[in-house]
Amino acid sequence: MSQDSIIADPALAPEGERKIGWVAQHAPVMNAVYERFLSDGRLRGRRIAMAIHLEAKTAYLALLFARAGAEVTVTGSNPLSTQDDVCAALAARGVRVYATHDPTEEEFEGYLLRTIETAPELIVDDGAELVSRLVRMRPDLVDGVVGASEETTTGIIKLRAMTEEGVLPFPVLAANDARCKHLFDNRYGTGHSALVSLLAATNLFISGKTVVVMGFGWVGRGLARYAHGLGARVVVCEADPVKLLEAHAEGYEVMNSLRAAEEGDVFLTGTGNLKVLRAEHFERMKDGAILANAGHYDHEFDLAALKEMAVTEREARRNVTEYELPDGRRLHVLARGRLVNIAAGDGHPVEIMDLTFSVQALCAHYLAGDASRLEPGLRPIPPEIDEYVARTKLSTLGVEPERLTEEQIAYQRSWR
């Protein structure tokens, strides 16, 4: 067992092992990536730091890195998404872990800083939690970083700002922008897991309810699709006029968020921005309205304003906080406004994360050998990573993509 790990309870390891074993059975692409790439010795002896939702699928990626010979340190990217049994299983396997479920803010920050202090060469990040802190707080360790990869839309926003300011001193691959990541993980993964978690947390029937989706990026598209599929009336609110028009063309109702606040039974946020639901929205919401966040941070709702407005606050169910307003209306916030699909559930399906973490594994492998070719700053992933992941997944389904004829290839390259 990793001797300096900080975990809740080593005795929980057997249950964590069971979860990880289930992932291993349903992750054919990750297994193929290990056999073809990670096992070649390129990662042997490399220090890899990971800040990501600490559950079984993430654990399996960490274990593949460790099996490839890397020195791996992991921490959580969200206080409520860490699963203590999975952490115990990782620590028992020799992976250094700094994470517990529902830590204090000070503990959570401490775990992130401890992870940075291992002087990583390669970083797998979520929300730019490690990269931003390393640049701000430990510039002395920057020169040792070969490169990083970023998992989320929220992190990409931060890293793009850092690149534009010229303060990102090493290359970061935009794993979130890989087609095999955002087209599947952000859309189908979030849509599926957020709705599953919402239904499990509330034990309510969503068919016939009005579901307001805040944002129509890839996450919002998935939320709207799955809510509609479950029989809900879907309303979309979006600041980008083109995306809002797209939502209209998809058949969803579109409207201003203040009007939607009066009509919604369930509100789902996934914008990557802050305070998209505020006091002016809470004032208009129906008694019993449910608020669930599928964005990275818990600030998509202005919870401070809601707490100030409320006369009572209580736990109505596990993962459901009820706020009673002065006029008697009750608003219900799921998972304290944290990422609902992982704070109140197990996150995306294994088959979806098999694609995402195959992208992340290949990013780390690429950086370990080719980072010297990359300029500092946010960088796109090599297109061959997407193609390999997609082709490998299709092969497990017994599907072969079409092959263009020489005539077709020549036609596509001609302008005459």
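The model is predicted.

Start with helix 4, which spans residues 84-92. This helix is mostly covered. Eight of its nine residues are buried. They are Asp 84, Asp 85, Val 86, Cys 87, Ala 88, Ala 89, Leu 90 and Ala 91. What do the buried residues of helix 4 pack against? Two of the partners are helices: helix 1 (13-25) and helix 3 (56-67). Two are strands: strand 2 (71-75) and strand 3 (96-98). After helix 4 comes Gly 94. The phi of Gly 94 is positive, near 95°.

A positive phi also turns up in residues other than glycine. Most residues of that kind have a negative phi. Look at Ala 128, where phi is near 55°. Ala 128 sits in the loop between strand 4 (122-125) and helix 6 (129-137). Is Ala 128 buried or exposed? Ala 128 has a relative accessible area of 0%, so it counts as buried. The cut-off for buried is under 20%.

Now move along to Arg 336. Phi of Arg 336 is also positive, near 55°. This residue lies in the loop that links strand 14 (330-334) to helix 14 (340-343).

Another loop residue is Pro 326. Pro 326 is placed between strand 13 (320-324) and strand 14. Its relative accessible area is 65%, so Pro 326 is exposed. Exposed means over 50%. Leaving out residues up to four places away, Pro 326 touches Met 309 and Val 311. Compare its position with that of Thr 312, 14 residues away along the chain. The C-alpha atoms of Pro 326 and Thr 312 are 8.8 Å apart.

Next, find helix 8, which covers residues 179-202. Helix 8 meets helix 15 (residues 350-370). Their axes come within 9 Å. They cross at roughly 145°. The crossing is left-handed. Which residues of helix 8 make this contact? They are Cys 180, Lys 181, Phe 184, Asp 185, Tyr 188 and Gly 189. From helix 15 come Ile 352, Met 353, Leu 355, Thr 356 and Val 359. By class, the contact has seven nonpolar, two polar and two charged residues. An α-helix has 3.6 residues a turn, so residues three or four places apart point the same way.

Stay on helix 8 and pick out Asn 186. Asn 186 is buried, because its relative accessible area is 5%. Set aside its neighbours within four places in sequence, and Asn 186 is in contact with Thr 153, Asn 176, Lys 181, Trp 218 and Val 219. Lys 181 also belongs to the contact with helix 15.

Finish with the cavity. How many cavities of 30 Å³ or more does the structure hold? There is one. The largest cavity has a volume of about 40 Å³. Its lining is made up of Leu 198, Leu 199, Thr 202, Leu 204, Phe 205, Ile 206, Lys 209, Val 266 and Ile 290. Seven of the lining residues are nonpolar, one is polar and one is charged. Helix 8 gives the most to this lining, with three residues.

Key: Residues are numbered from 1 along each chain as its sequence is written. This is a predicted model: local features need pLDDT of at least 70, side-chain atom pairs count only at pLDDT 80 or more; totals for chains, interfaces and linings use all residues. Side-chain values use heavy atoms; hydrogens and water are left out. On a 1 Å grid over the protein atoms alone, a cavity is a set of points where a 1.4 Å probe fits but cannot get out, and a pocket is an open set with protein on both sides within 12 Å along at least five of seven lines; lining residues have an atom within 4 Å of a point. Grid points are joined across faces, edges and corners, and a volume is the space filled by probe spheres set on the points. Helices (H or I, at least four residues) and strands (E, at least two) are DSSP runs, numbered from the N terminus. Ala, Val, Leu, Ile, Met, Phe, Trp, Tyr, Cys and Pro count as nonpolar, Asp, Glu, Lys and Arg as charged, and the others, Gly among them, as polar. Buried means under 20% relative accessible area, exposed over 50%, partly exposed in between (1.4 Å probe, protein chains only). Axes are lines fitted to C-alpha atoms, for helices over the stretch in contact, and angles run from 0 to 180 degrees between N-to-C directions. A crossing is left-handed if the near helix is turned anticlockwise from the far one by less than a right angle, and right-handed if clockwise. Contact means heavy atoms within 4.5 Å.
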